[in-house]
Amino acid sequence: MELKRVVITGMGALTPIGNNLGDYWEALKAGKSGCADITYFDTEHFKTKFACELKDFKVEDFIDRKEARRMDRFAQYAVVAGDEAIADSGLDTDSIDKNRVGVIWGAGIGGLETFQEEVKAFANGNGIPRFNPFFIPKMIADIAPAHISIKYGFMGPNYTTVSACASSANAMLDAVNYIRLGHCDVIVTGGSEAAVTQAGMGGFNAMHALSTRNESPLTASRPFDATRDGFVLGEGAGALVLESYEYAKARGAKIYAEVIGGGFSSDAYHITAPDPEGRGVIAVMKNTLENAGINPEDVDHINTHGTSTPLGDVAELKAIKAVFGDHAPKISINSTKSMTGHLLGAAGAIESIASVLAINHGIIPPTINHTTVDESIDPSLHLVLNEAEKREVKVALSNTFGFGGHNCCIAFRKI
């Protein structure tokens, strides 16, 4: 059986540095930081008082207020980004065969704020369970793609992948494989997350995972920098419309890039810490090269997982050197988390979008906030630091890893 080619025809972005695809790209090129003091709740007693929240976002500008109240923020974000991607794709959603259109989404946590508020209300009550009837439908992680499916009547596969911070990358590769095998013509995929909550910040602080650079939040996310002290929590969503190449061509769709393959692996090492030698990361990138049918020297750019944690950044760069060898210094390496923070389950989606836009525009966004060289990082590697780089990109990889040792890598190629 010959596998179908898969292409990207629409994208949508709702991020801490831009509430739509165009604004997101302009901010990436400019090296804009989305980090600031938290506004959602009082942080007086929290170790970390900042995050990458959305800016100037009003859900009622996009979703009916009554309907929005029935959604957790992570589902609202999914619908907004999904709407933009579908509109961007130019799909005629009335005339297509909706049985062959699916929605496969990623969320690492789901409705954390809903869960937090309902449990707090119960704990502060008189012991009588007075829960909102929408408590469970707002909280469950699979509800985000359900809302998109219901809105458009898409009747193909519809579910959420949950693999911590690799969730949306896993969702995208599931979508790719459904189309490759001929089960669907079109799939809306991506991920969303809204974990900037008391429970989210408190939980990650308890793990010592977050930066505590409260005196300078704007520069707190600093992947590859010797002074990095943890990741910065972000929120938002990214959505992509994937189609078979034949289907997209037949309807005259614009094509951003081809998804030529991807890979999965597990560190099988620790519930939160990365394998210090990057063995799982080595495996996932090798799997991706094989699955995509490309050689190491074909790769021009890697958008790393690059969370700004002391262990993770070094392990990933070691793995890149191990996989790409003499070609590694010729690859432009960046981490857009320096600008957006870490969107957890949505990270793979928004970083894939950044990789695709780098291919389209010949510009690689920078890793910002780099001031101090880390002696444990191979100096021969070409890190794109502080300023965007102009370069033709024919093939780009996007790495995404999650707690539990989940690793995912996706390869994109210029059409």
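## Basis of the model

The model is predicted, so local features need pLDDT of at least 70 and side-chain atom pairs count only at pLDDT 80 or more, while totals for chains, interfaces and linings use all residues. Residues are numbered from 1 along each chain as its sequence is written, and side-chain values use heavy atoms, with hydrogens and water left out.

## Annotated span and active site

UniProt, in an unreviewed entry, lists residues 3–414 as "domain: Ketosynthase family 3 (KS3)". UniProt positions are given in the numbering used here, feature names are shortened, and annotations may be inferred rather than shown by experiment. Between the end C-alpha atoms of residues 3–414 the distance is 19 Å, and the span is 33% helix and 19% strand. Helices (H or I, at least four residues) and strands (E, at least two) are DSSP runs, numbered from the N terminus.

The unreviewed UniProt entry also lists Cys165 under "active site". Cys165 is found in the loop between strand E5 (158–161) and helix H7 (167–180). With a relative accessible area of 8%, Cys165 is buried. Buried means under 20% relative accessible area, exposed over 50%, and partly exposed in between (1.4 Å probe, protein chains only).

## Salt bridges

Side chains of opposite charge can pair when their charged atoms come close. A salt bridge is counted where a side-chain nitrogen of Lys or Arg lies within 4 Å of a carboxyl oxygen of Asp or Glu. The count by this rule is 19 salt bridges. One of them joins the side chains of Glu277 and Lys318, at 3.8 Å from N to O. This pair links distant parts of the chain, 41 residues apart: Glu277 is in the loop between strand E8 (257–266) and helix H10 (279–292), and Lys318 is in helix H11 (residues 310–324). Glu277 is partly exposed at 47% relative accessibility, and Lys318 is partly exposed at 38%.

Asp300 and Arg391 form another salt bridge, at 3.5 Å from N to O. Asp300 lies in the loop between H10 and strand E9 (301–303) and Arg391 in the loop between strand E13 (389–390) and strand E14 (395–402), so the pair ties together parts that are 91 residues apart in sequence. Asp300 is buried, with a relative accessible area of 12%, whereas Arg391 is partly exposed at 22%. Helix H11 also carries Lys321, which is linked to Asp378 in the loop between strand E11 (363–364) and strand E12 (382–383), 57 residues away. The Lys321–Asp378 salt bridge has an N to O distance of 2.8 Å. Lys321 is partly exposed at 28% relative accessible area, and Asp378 is partly exposed at 27%. Salt bridges that share partners also join Arg5, Glu258 and Arg413 into one network.

## Largest pocket

A pocket is an open set of points on a 1 Å grid over the protein atoms alone, where a 1.4 Å probe fits, with protein on both sides within 12 Å along at least five of seven lines; lining residues have an atom within 4 Å of a point. Grid points are joined across faces, edges and corners, and a volume is the space filled by probe spheres set on the points. The largest pocket holds about 540 Å³ of space. Its lining has 32 residues, of which Thr272, Ala273, Pro274, Thr309 and Phe403 lie nearest the centre.

The elements giving two or more residues to this lining are H11, E14 and strand E15 (406–413). H11 supplies the largest share, 6 residues. By class, the lining of the largest pocket has 12 nonpolar, 15 polar and 5 charged residues. Ala, Val, Leu, Ile, Met, Phe, Trp, Tyr, Cys and Pro count as nonpolar, Asp, Glu, Lys and Arg as charged, and the others, Gly among them, as polar. At least three lining residues come from each of domain 1 (7–251) and domain 2 (262–413), with bounds from an automatic or database domain assignment.

## Selected loop residues

His208 is not a glycine but has a positive phi of about 60°. His208 lies in the loop between helix H8 (198–206) and strand E7 (236–244) and is exposed at 63% relative accessibility. Ala268, also not a glycine, has a positive phi of about 50°. Ala268 lies in the loop between E8 and H10 and is exposed, with a relative accessible area of 72%.

Ile17 is in the loop between strand E1 (6–14) and helix H1 (21–30). At 4% relative accessibility, Ile17 is buried.
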